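Keep the picture open as you read.

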Amino acid sequence: MNNDGLIASSVSVLVNGQRREVRTEQDTALLYVLRNHLGLKGTRFGCGTGLCGACMVLIGGRATHSCDTPLWAVLDKEITTVEGLGAADRPHPVTEALIEGQAAQCGYCMSGVTIAAVELLRRNDDPSDAEVRAALDGNLCRCGAHNRIVRAVLAAAAELRAGRGDAA
Amino acid sequence: MNPAKRAVALPPSVAANPRLGDWLRVLPSGVVEIRPGKVELGQGVLTALSQVAAEELDISVARVRTVPPATGVSPDEGYTAGSLSIQHSGGAIRLVCAEARGRYLAVAAATLGVPESKLTVADGQILAPDGRSTSYWELADDALLDRAAGGEWQPKASAAYRVVGTSVPRLDLPDKLTGRPRFAHDLSPEGLCYGRVVRPPSRGATLTGLDTTMALALPGVLTVVRDGGFLGVVAEREEVALRAADRLRADATWERRPTLPDSGDLPAFLRSAPAETIVLAERGTRPTGEQIATSVEATYHRPYLAHASMGPSSATALFRGREDGRLMVWSHTQGIYMLRAELARALGLAEDVVTVAHTEGPGCYGHNGADDVALDAALLAMAVPGRPVQVVWSRADELTWAPFGAAAVARVAADVDAAGKVLCWHHEIWGNGHSTRPGSTRSVALLANAHRAGGEEIEAAAEPPMARGGGAGRNSVPDYDFPAYRVVNHRLLDMPLRTSALRSLGAFLNVFAAESFMDELALAAGRDPVEYRLACLSDPRARAVVESAARRSGWDSWSAADSVGHGIGFARYKNTSAYCAVVAEVEAISEIRVRRLTIAVDAGLVINPDGAANQVEGGAIQATSWALKEQVRFDRYRVTSDTWQAYPILRFSEVPAVDVELLPGNGNPALGVGETAQGPTVAAIANALNDALGVRVRALPFTEENIVAAMPE
């Protein structure tokens, strides 16, 4: 067994467009690096085993569980957390649509849901209701805000398509 | 328009905490701070209470700032539970804000030399008819509210409402939807270190050996705490705490013993375990003789249910040291004062040296692990004085060690006449109680205390009185006009798995049982289930929700199809709170799917319609998940449903379409909505399933296993 992963060292990660230095063991889950070393508390711990989606971030553009992704696996990757999706004065269209639709109750699962939805809309800017649900099936919500969330994601997709139309 | 001066009765929360200044403050900066004692659980209550304050003070909601509750500075409003926040805290805020407005207007009248009755208020500006003005902000003076509420200012009549009754967007959602730190788990005070607890491998296990050498040798580990069978570790970094906890778990030896019942026949255990039997309610006498055409009965069962919140329980604690003696705890508890008292009791501290500050948590559906983890954090913090310690439970601990909703059996029997009319109804319940909250038990009601040296097991819960909604007996009393009924509860004296309040308590089983049985009676009499219910339902508000849900769902124009069915369920929550009827449409083709829920609710005055609809829909979806999937699994030693795979909940692709209609309040007072849909939803699904398959499934959840078991031989 290689114990290098259990010896703390300084490494740099690329998070939300910024290169950041952290000192920890390379086996450390990305989640704790984001939340505690970098103070990005928006990514939440839900289960630690990649089964609920609360901890999702974009790694190289793909929605990925940060709770069971070790730091060594992302050293050369671009990481985007919920904080990196939009600016304070200009939230991401998915975030805007979720707020507009009051699409949450407790909100604990929502960072992961938002990340999964953003990834979906990058792949498919005109998803059906069923496609949104399929894309979010790995994100658990206990409060029962599912239908509001799906409507908001569909609204965000329409907004994104319209925005693209304007630009063209 | 000025509120008339005549004394109104003080709401209970105000009677217990009469000083106006404890409830609100006017700040010169143009802000009104309110201090409700109820806490945000993800249900949107802070927004609703802000609306109530804005309404009475005639200010915009944007000017209202809610102060997070903390012991010592917030009024003690007991637990945030039982769908009572709008009734209790809403009533209190309404009254104290009306009185604050009156007191400020009296000063303004003197300042401007104009009678109070001539003054008007617009967003805090106090205007005289001649155009001169002042404002709350100019007059801001804490001394004005440094007095007891007298109830001399009548709150507004509901007909005058402009802010209450509108769908003001949730004040906390922008933070929660942009990833800003807002949850207890996100606190990061200076010097924060991280704790983890290693729970016993099974219930009742004894720690017989422990080698701490390896755990203590990990760089960054601050200390290991052992107190009897309570075992924990504190480290500088969270990842180190996790590794050290894994190390400790591997280096601990436990003596295990079987303490749990046979999960293969849970109903048999529930019906045979030692119990205290009491009659909860009774009306009339059982008829005799030829009036009775037939007597029928059926028995229903629910398993233990987990809260299964998306975020495991978390708390942060800071102990100032032996000399100073103060302990600070940040918690997502439902009851800051009760938790403070219980922590003080467990730790042998005076209550006044303990402060519990509420910090928002993940969705709370009842008594979960929030209070337990506060003691975990306190015990670990006391080992590292001066350092705040944050504890987050693992998913496995959350699913296996938090209190569960109680498993139970309900037997319903009826004597009916030749037309199928109920002459006498009998409802009998077997199961554990539904509250082991701090403050309700003789022994300390916090998990870690039971594991510490000399700690006592948390004792089985008592049954709260039916006048307060009951526990196991909640909604066991019929809402229908039956001439006679009798309700009996067998409260188990032993508690193999800790049970406590989970959304709707006993109502989930009782409404499932009673409303399934109503369908069985209707079908046996060859009558339509909606018509059958209406025939014995005289309360016009009850009739209205049943009729409305039936109409909107297209009940009368339903065309039967193979393997698709519809069904209805109705209850008035606690027999005294919101009315709710649900029509479910279920398909049973390759699997059981709830396609659609059509829900009608009468909750009287609704403060925030969108928020209320969100709560009702969320409750119905959660109840659908309970009905279709959920069941705590265990062997003779331990709870085995410790992951999302072993304890699955409803996913996006499985969630039904939900249509919620809030009926007009018609001047009726506000009733809570957070729990009203749980019972009617499961009953509607059960009845729709029977309609689809012709199989009456009386055991939850409606898994293939339970459906097959319910099929006729």
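## Where the chains meet

Between chain A and chain B, 30 residue pairs are in polar contact, both residues being at pLDDT 80 or more; a polar contact is a pair of N or O atoms within 3.5 Å, where within protein one must be able to donate a hydrogen and the other to accept it, and residues adjacent in sequence count only if both atoms are side-chain atoms. On the side of chain A that touches chain B, α5(A) gives the largest share, five residues (helices are DSSP runs of H or I, at least four residues, and strands are runs of E, at least two, numbered from the N terminus).

The rule also finds six salt bridges across this interface, a salt bridge being a side-chain nitrogen of Lys or Arg within 4 Å of a carboxyl oxygen of Asp or Glu. Glu630(B) forms a salt bridge with Arg142(A), with the closest N and O atoms 2.6 Å apart.

## How the model was read

This is a predicted model, in which local features need pLDDT of at least 70, side-chain atom pairs count only at pLDDT 80 or more, and totals for chains, interfaces and linings use all residues. Residues are numbered from 1 along each chain as its sequence is written, chains are lettered from A and ligands numbered from 1 in the order in which they are written, and side-chain values use heavy atoms, leaving out hydrogens and water.

## The contact in numbers

Chain A brings 48 residues to the contact and chain B brings 61 residues, where contact means heavy atoms within 4.5 Å.
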